[in-house]
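Work through the exercises below with the sequence and the model in view, and try each task before reading its solution.

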Amino acid sequence: MLRDIASYVLKNMKVRLTRSILTIISILIGIMAIFALVSFGQGLSSYVNQVGQEAGADKLIAQPRGFGPPGTSSTPLTKDDLDFIKKTNDISEATGLVVQQAEVSLDEDKPGKWVFVMGMSTIPSEQRLIDESFGGIGILTGRNLKSGDKNKAVIGYNYQFPDKIFPKELNLGDKVFINDVEFRIIGFYEEIGNSGDDSNVYLTIDDAEELFDVKDEYGFVYIRAEKGANPSEVAARLEEKLRKEKGQNEGEETFFIQTFEQLLETFGTILLVLNAVLVIIAGISVLVAAVNIMNTMYTAVLERTKEIGVMKSIGARNSTILFMFFMESGIIGLIGGSIGILLGYGLAKLGGFFAASAGFALLKPAFPWWLIAGSLLFSFFVGAASGYFPARAASKLKPVDALRYE
Amino acid sequence: MKGTIIKLDNVWKIYQMGEVKVEALRGLSLEIKKGEFVAIMGPSGSGKSTAVNMIGCLDVPTKGHIYLDQHDISKLSESDLAQIRGRKIGFIFQQFNLINTLTALENVALPMLFQNTDRETRLKTANRLLELVELGERMNHKPNELSGGQQQRVAIARSLSNDPEVVLADEPTGNLDSKTGEIVINFLGKLNKEGKTIIMVTHDANVARHAQRIEHLKDGRVVKRS
């Protein structure tokens, strides 16, 4: 029975080919958009989880509170703060990072690019803490900064490629000018996955302090909790102690301390909310498609009124007629959904490719099986649900009236 | 009532058309025995079509009773009516009313699908019936590839597919020229000889004379039997 009804439905769709195709396109667009967007959302969550695991559960980060880009607050954390943090219970180590924006150029006279320049510790264990905090990266080529380095720079992954930051790629030993001071490249970092961080420039803390004329001011303090300590408890305790040390009232602190998990969650939540908003917008297009399917099905019922009368007169029950039209709109949904998933897959892959080449390797779509199955089910459901009222109208037609319909 | 297949007992059908009440049937009584070939004749407005709808279980009366095989069908639900129609009555329409998207074979098999007959039996039966109406060569053609006479023969085959007790033909020759009409009527006569009860509605006396008995309808009731 199912097979014969399906074949009848497909024949009818073939007879009204243009209309069927247009209706299918209308649902296809929405499903394609939702599928692609959700695949990015999925990729993003798994990225956040993965980075969260790599960064480990033992790290905290202290930042000045305030507006503007990270690390540019007017009330930075100080050397005193860092020393206090280091001495606190349950903290195994901590390191401060000088963060400034600076113009980096290849020639002394030519205008350059504005990027973040970080002054970092030359102590290897503190450098490891920073590396881990950036998602477990390390030096890709060359070497890291070490004590005694003067006018040496380690730079981000993206500098290795032409047209990403500068028209030409940079190599080990090349010269760059940072705020018109000459530095020599001694190493490249591995890829972090977003074009901001992959454009960073790292100097020794002494060079950075001299270059920017600052002393003992940190944009970030990375902290490692003792083994076995609960990071969020450590963070809360440390925040309270540092507040008292600095003589600030609760709620008026010039700094805040988060665990990496909290930090990633915040970051992930923002992106996922953005993703959800886009999915909702795509959902509106599915709603429009549902109205379109309903319209198509009402037209089909009208066109086939006499046919419905004939079928009823030769023994079709109301439920059979209902099922037939229900199937038809469901099949429209299913076909639209299948094509939508294929195109959505292509779109997501393409989007992921462009995002990666633009330096956002973290925007990598993921296609779990439930996304594919769920999209198929959803599209069938949308089709069937939109066909419900037309199908019911068809099934309720009186055979006598339907037969007389011209 | 032994031998009676259909009995209409004082059947009234009243339509409400806006403010006006139209009495299409006014106490129609009619009895048809198994194996009869009955023609129902009458001018337009005589209630012929309404009578066909009643006999064919397509509609229920406002008043009175209809017995099909001694069961009162006047009070059945629409779905039960559909089942009974499909099993006991075969329809032949003036305009053939084949499903255009289906082939002749699929059209003939369709009533069996609604009775949940298995696929193999459906195709075998449909095949045999199309051979019977001498359309064995054209079973994979769609209705629009067939002539009017051929379409009506497909419709005859379809009306027989659930082996119904009654074949109800509503102006079966109305859309055909006289020669093709003759062929169609002869098929009905042949079916009758094989034991089927045939009820045929027509306004054409030449067609009606093929029947054993003619019921003349006027103003919603039988005025003459011949």
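Angles under 35 degrees count as roughly parallel, those over 145 as roughly antiparallel, those from 65 to 115 as roughly perpendicular, and the rest as oblique. This is a predicted model, in which local features need pLDDT of at least 70 and side-chain atom pairs count only at pLDDT 80 or more, while totals for chains, interfaces and linings use all residues. Residues are numbered from 1 along each chain as its sequence is written, and chains are lettered from A in the order in which they are written.

**Exercise 1.** Describe how the axes of α1(A) and α9(A) are placed.

Solution. Start with the axes, lines fitted to C-alpha atoms over the stretch in contact, with angles running from 0 to 180 degrees between N-to-C directions: those of α1(A) and α9(A) come within 9 Å and cross at roughly 60°. The two helices are therefore oblique to each other.

**Exercise 2.** Find which residues of α1(A) and α9(A) meet.

Solution. With contact taken as C-beta atoms, placed from the backbone, within 7 Å, α1(A) brings I5(A), A6(A), Y8(A), V9(A) and N12(A), and these meet F323(A), M324(A), M327(A), E328(A) and I331(A) of α9(A).

**Exercise 3.** State how many residues of chain A and of chain B are in contact, and where those of chain A lie.

Solution. First, 18 residues of chain A are in contact with 22 residues of chain B. Next, on the side of chain A that touches chain B, at least two residues each come from α1 (2–15), α8 (305–313), α9 (318–357) and α11 (399–404), where a helix is a DSSP run of H or I with at least four residues.

How values were computed:
Two residues are in contact if their C-beta atoms, placed from the backbone, lie within 7 Å.
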